[in-house]
Amino acid sequence: MLTRRLQTGMESRQIEHLAVADLPLDCRLVRSRRKSLAVHVRHDLIEVRAPAFVGRGDILKFLDKHRGWVLRKVQEKQQRHSERLSLSDGGQILYKARLLNIELCDSARSGVILAPLDSPHTMRICGPGVKGGRVDQQSAAAQVLKRWLQQQAKDYLPARTRALAEYLGVGHKLKEVVLRKTRSKWGHCTSGGRIQYNWLIMLAPDGVIDYMIAHEVCHLLHMNHSAVYWQAVAKVCPDYQRYVGWLKDNEHRLWF
Ligand SMILES: [Zn+2]
């Protein structure tokens, strides 16, 4: 998962351009008080992180050694970037592992119509000012889809979580189920018995959603990712590895 480290005033960083032949993207060198060399790839930039004491020659040698990995990573990141969800008229959305065409339409009533009869491979997002609006997280279309997914999450996740917790004999430990869009997490369970889900998961196939519920509820049994914990997950969700794989391959397509 991509994590973004916030730059604080405490950390002194020096950023320079790094000229490297035969790399498809701009390369920048970030020097800081770290102890080792590392390379990070984004869809539009390659960043080498280095301690202050390592010379440019060694940095270039390091990059050359990892060139194959860097090139593969660039391709993967660019592919993922191009697959990101954009809620525009004529765009596409991966909904429950089906690729649907997005159709935006202005109407007095807000709502999402899945596979309307006249267009079975379409997700129609309707509401005031939806068509021709901005294409961003705040757009009218995004608000309509958000409300629709939040309602689905509310109808499904708390009840299902409660039922599984009861079945596993840990119902008394479950205090609260919260729905929230976080930056990088699908679910979270605290030692106080609070389970949090990202409602965006409702775009995923049902099996993946149920895996996520199993994942969090099993934390009420074991607050870790030990072998015993995964055995507990496997008992209620035998195909969990498939769903972990699906999320890894597709989660970048669900965010908006
Ligand atoms: Zn976990």
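Guide: Let us begin with K96, which is found in the loop between β5 (92-95) and β6 (98-106). Please keep in mind that the model is a predicted one.

Visitor: Why is K96 called partly exposed?

Guide: Buried means under 20% relative accessible area and exposed means over 50%, with partly exposed in between. K96 has a relative accessibility of 23%, so it counts as partly exposed. The value for A97 is 43%, and therefore A97 is also placed in the partly exposed class.

Visitor: How do you know that E16 and R31 form a salt bridge?

Guide: The cut-off for a salt bridge is a side-chain nitrogen of Lys or Arg within 4 Å of a carboxyl oxygen of Asp or Glu. In the pair E16 and R31, the closest N and O atoms are 3.6 Å apart, and the pair is accordingly counted as a salt bridge. E16 lies in strand β1 (residues 14-17) and R31 in strand β2 (residues 27-32), so the pair ties together parts that are 15 residues apart in sequence. The structure holds 16 salt bridges.

Visitor: Are these two partners buried or partly exposed, and what decides it?

Guide: R31 has a relative accessible area of 12%, which is under 20%, so R31 is buried.

Visitor: What makes E47 and R28 a salt bridge?

Guide: Their side chains meet at 2.8 Å, N to O, and this value is within 4 Å. E47 lies in strand β4 (residues 46-51) and R28 in strand β2, so this pair ties together parts that are 19 residues apart in sequence. E47 is called buried because its relative accessible area is 8%. R28, at 25% relative accessibility, counts as partly exposed.

Visitor: How do you know that R42 and D44 form a salt bridge?

Guide: The closest N and O atoms of R42 and D44 are 3.2 Å apart, which is within 4 Å. R42 has a relative accessible area of 41% and is therefore partly exposed. D44, at 36% relative accessibility, counts as partly exposed too. Elsewhere, salt bridges that share partners join E16, R31 and R56 into one network.

Visitor: Why are β9 and β10 called edge strands?

Guide: An open sheet is formed by 3 strands in the order β9-β11-β10, and the pairing is mixed. The strands β9 (176-179) and β10 (187-189) each pair on one side only, and they are the edge strands. The twist averages 15 degrees from one strand to the next.

Visitor: How do you know that β9 and β11 are paired?

Guide: Two strands pair if there are at least two bridges between them. β9 is joined to β11 (residues 194-197) by 4 bridges, and these two strands run parallel. In this pairing, V178 stands opposite Q196 in β11.

Visitor: Which helices lie across the strands of this sheet?

Guide: Helix α3 (residues 140-167) lies across β9 and β11, running at about 160 degrees to β9. Helix α4 (residues 206-218) lies across β10 and β11, running at about 155 degrees to β11. A140 lies in helix α3 and, with a relative accessible area of 29%, is partly exposed. Leaving aside its neighbours within four places in sequence, A140 is in contact with P128, G129 and V130.

Methods: Residues are numbered from 1 along each chain as its sequence is written. This is a predicted model: local features need pLDDT of at least 70, side-chain atom pairs count only at pLDDT 80 or more; totals for chains, interfaces and linings use all residues. Side-chain values use heavy atoms; hydrogens and water are left out. Axes are lines fitted to C-alpha atoms, for helices over the stretch in contact, and angles run from 0 to 180 degrees between N-to-C directions. Contact means heavy atoms within 4.5 Å. Buried means under 20% relative accessible area, exposed over 50%, partly exposed in between (1.4 Å probe, protein chains only).
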